[in-house]
Amino acid sequence: MNWSALEALISGVNKYSTVFGRVWLSMVFVFRVMVFVVAAQRVWGDESKDFVCNTAQPGCTTVCYDSIFPISHIRLWALQLIFVTCPSLMVVGHVKYREKKDMQYTATHDGTHMYANPGKKRGGLWWTYMVSLIFKASFDAGFLYILHEIYKGFDMPRLSKCSLEPCPNTVDCYISRPTEKRIFTIFMVVSSCICILMCVCEMIYLIITRIQKLIRKKKEAHRKLFAETHEMRPLARPRPEFMSKSSVRVDPTNTASIQNLSNVKTEAGPSKL
């Protein structure tokens, strides 16, 4: 299994991820993949060779080993890492599809682009990213459940009893380095739980961000509609019926002066006679 090629392929998701997504990638490749490749494989490398039962009956040790270890921790974690990292390829594939579609659109529309930023989480890419997060969290939780159900917990017992055929009676079987294996098992379980928490936090972050954008768009639409309605409304003009005589102001001094002139003329007329 070429883990370096897988790491190089999945690391392309880093530029399309949020802060929580980058933390998730760091947790997967530093605390899970590196620990798995460097240390865990060596710890479980002698699990079948150093598995000892206190019997000389042929086939008893093999049957007891298969009963105690129905699936190896190493193989189970390898499947878990493959299933957990594969949903990230959905996001990479969707972005590549957008880039190809944008190139075709640019070639037929005189240089105009269909997507200003193909990697921006809008529309279908937002849903693809959200589905990938759900798959990643579900696969991690599912493999933790499988591990717990197969081994009846996350502990590694020092002594196991087996009474399966062809064992003549109940025999005691011993696992090599159980304390070291218990520590690595707990470490991988805690790392998986932290990755699930990161996925849940990222989903909540994406949902809150989308709700805030929708609220902001609604406010902007209402503001534009309010501005357009006020700009299109005509100015109120005074109606002609309200233009009455009372609106024409008459200076009372002018009327008084006109009356005085008429009185002077009447008084001056008889005096000339």
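Start with two helices: H2 passes H4 in a left-handed crossing. This is a predicted model.

**Stop 1: the H2 and H4 pair**

Select residues 19-43 for helix H2 and residues 73-85 for helix H4. Their axes come within 12 Å and cross at roughly 155 degrees. H2 and H4 are therefore roughly antiparallel to each other.

Now show side chains. On the H2 side, pick Trp24, Val28, Arg32, Val33, Phe36, Ala40 and Gln41. They meet Ile74, Trp77, Ala78, Gln80, Leu81, Val84 and Thr85 of H4. Colour this contact by residue type: 10 residues are nonpolar, three are polar and one is charged.

**Stop 2: the disulfides**

Number the bonded cysteines along the chain, and the pattern reads 1-6, 2-5, 3-4. Take the pairs in turn.

**Stop 3: Cys53 and Cys173**

Select Cys53 and Cys173, which form a disulfide with sulfur atoms 2.0 Å apart. Look along the S-S bond: the torsion is about 105 degrees, so this disulfide is right-handed. Cys53 sits in strand S1 (residues 52-53) and Cys173 in strand S3 (residues 171-174). The two are 120 residues apart, and the pair links distant parts of the chain.

Cys53 is buried, at a relative accessible area of 7%. Cys173 is buried too, at 0% relative accessibility.

**Stop 4: Cys60 and Cys167**

Move to Cys60, which a disulfide joins to Cys167 with an S to S distance of 1.8 Å. Which hand does this disulfide have, left or right? The torsion about its S-S bond is about 100 degrees, so the disulfide of Cys60 and Cys167 is right-handed. Cys60 lies in helix H3 (residues 60-68). Cys167 lies in the loop between strand S2 (159-162) and S3. The pair therefore ties together parts that are 107 residues apart in sequence.

Check burial again. Cys60 has 0% relative accessibility and counts as buried. Cys167 counts as buried at 9%.

**Stop 5: Cys64 and Cys162**

Stay on helix H3 and select Cys64, the partner of Cys162 in strand S2. Cys64 and Cys162 are 98 residues apart, and their bond links distant parts of the chain.

Are these cysteines buried or exposed? Cys64 is buried, with 0% relative accessibility. Cys162 is also buried, with a relative accessible area of 4%.

**Stop 6: Cys193 and Cys195**

Select Cys193 and draw a distance to Cys195, which holds the closest cysteine sulfur. Cys193 is partly exposed, with a relative accessible area of 39%.

Now step to Cys195. Which cysteine holds the sulfur closest to that of Cys195? It is Cys199, at 6.9 Å, which is again too far for a bond. With the surface still on, Cys195 counts as buried at 0% relative accessibility.

Key
Residues numbered from 1 in each chain as written. Predicted model: local features only at pLDDT ≥ 70, side-chain atom pairs only at ≥ 80, totals over all residues. Heavy atoms only, no water. Axes fitted to C-alpha atoms, helices over the stretch in contact; angles between N-to-C directions. Helix = DSSP H or I, 4+ residues; strand = E, 2+ residues; numbered from the N terminus. Parallel < 35°, antiparallel > 145°, perpendicular 65-115°, else oblique. Left-handed = near helix turned anticlockwise from the far one by under 90°. Contact = heavy atoms within 4.5 Å. Nonpolar A, V, L, I, M, F, W, Y, C, P; charged D, E, K, R; others polar. Disulfide = S-S within 2.5 Å. Buried < 20%, exposed > 50% of the residue type's maximum accessible area, 1.4 Å probe, protein only.
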